[in-house]
Amino acid sequence: MLLPAEIESKTLIPALRAILAKKLAEDHNIREDEISKMLGVTQAAVSNYIRGTRGDPSLIAKLLAEKQVLDMINELSDNLSSDMAYTPSSLSKFIGLCNYIKSSLLICEIHHNLESDIDEQVCKECENMLLKGPGSVY
């Protein structure tokens, strides 16, 4: 049974970085070495994100199909490209994007694609916690 944080770190964050790397390179003409500094990953990782060999392509397509997610990604991409650095504001936007994906329960769909045998009661309890938001307790 994967926890939401594991899903976020193993699949969601790489997919979001892939989207951002590609947007920064294609839409803003930023070099891979500069993107790597902005995203806090290696230049090789950025190259893989842009080529599509890193980050789940079906998850990337799913995320890009969600209007609210796409709007948040575009805002973050514009913010990164104008500052040419990872700032407190862009960090806040990235965290907000991840929190939105969790609180809107998009992460549940991602989880069901990764694990098909999730206990329904566990699933409902997890959903309840996600809906309460970050920092919630029993």
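This briefing describes a cavity, several helices and some individual residues of one structure. The structure is a predicted model, in which local features need pLDDT of at least 70 and side-chain atom pairs count only at pLDDT 80 or more, while totals for chains, interfaces and linings use all residues. Residues are numbered from 1 along each chain as its sequence is written, and side-chain values use heavy atoms, with hydrogens and water left out. Helices here are DSSP runs of H or I with at least four residues, numbered from the N terminus.

**The cavity**

- A search of the whole structure finds one cavity of 30 Å³ or more, a cavity being a set of points, on a 1 Å grid over the protein atoms alone, where a 1.4 Å probe fits but cannot get out.
- The space in the largest cavity comes to about 100 Å³, where a volume is the space filled by probe spheres set on the grid points, which are joined across faces, edges and corners.
- Its lining is made up of 13 residues, and Ile7, Cys108, His111, Cys126 and Leu130 are those nearest the centre of the largest cavity; a lining residue has an atom within 4 Å of a point.
- Two or more residues of this lining come from each of helix H1 (4-28), helix H7 (106-114) and helix H8 (120-132).
- By class, the lining of the largest cavity holds 11 nonpolar residues, two polar residues and no charged ones, where Ala, Val, Leu, Ile, Met, Phe, Trp, Tyr, Cys and Pro count as nonpolar, Asp, Glu, Lys and Arg as charged, and the others, Gly among them, as polar.

**Helices H7 and H4**

- In H7 the buried residues are Leu106, Ile107, Cys108, Ile110 and His111; buried means under 20% relative accessible area, exposed over 50%, and partly exposed in between, with a 1.4 Å probe and protein chains only.
- These buried residues of H7 pack against H1, helix H4 (57-65), helix H5 (67-83), helix H6 (88-103) and H8, and contact means heavy atoms within 4.5 Å.
- In H4, the buried residues are Leu59, Ile60 and Leu63. They lie on the same side of H4 because they cover an arc of only 100° around the axis, the arc being that of the directions from the helix axis to the C-beta atoms.
- Pro57, Ser58 and Ala65 are exposed on the other side of H4, whereas the cover over the buried residues of H4 includes H1, H5, H6 and H7.

**Cysteines**

- The count of disulfides is zero, a disulfide being taken as a pair of cysteine sulfur atoms within 2.5 Å.
- For Cys123, the closest cysteine sulfur is in Cys108, and at 5.6 Å it is too far for a bond; Cys123 itself is buried, with a relative accessible area of 7%.
- Cys126 also has its closest cysteine sulfur in Cys108, at 5.9 Å, which is again too far for a bond, and Cys126 counts as partly exposed at 21% relative accessibility.

**Residues with positive phi**

- Most residues other than glycine have a negative phi.
- Asn29, which is not a glycine, has a positive phi near 55°; Asn29 sits in the loop between H1 and helix H2 (32-39) and is exposed, with a relative accessible area of 66%.
- Leu105 likewise has a positive phi, of about 70°, although it is not a glycine; Leu105 is placed in the loop between H6 and H7 and counts as partly exposed at 22% relative accessibility.

- Ser36 belongs to helix H2 and counts as buried at 8% relative accessibility; not counting residues up to four places away in sequence, Ser36 touches Val41, Thr42, Gln43 and Val46.
- Asn79 is part of helix H5 and counts as buried at 14% relative accessibility.
- Apart from neighbours within four places in sequence, Asn79 is in contact with Thr87, Ser89, Ser90 and Lys93; the C-alpha atoms of Asn79 and Ser89 are separated by 8.1 Å, and these two residues are 10 residues apart along the chain.
- Asp71 lies in helix H5 and is partly exposed, with a relative accessible area of 34%; Asp71 and Cys98 are 27 residues apart in sequence and, from C-alpha to C-alpha, 13 Å apart in space.

Key:
On a 1 Å grid over the protein atoms alone, a cavity is a set of points where a 1.4 Å probe fits but cannot get out, and a pocket is an open set with protein on both sides within 12 Å along at least five of seven lines; lining residues have an atom within 4 Å of a point.
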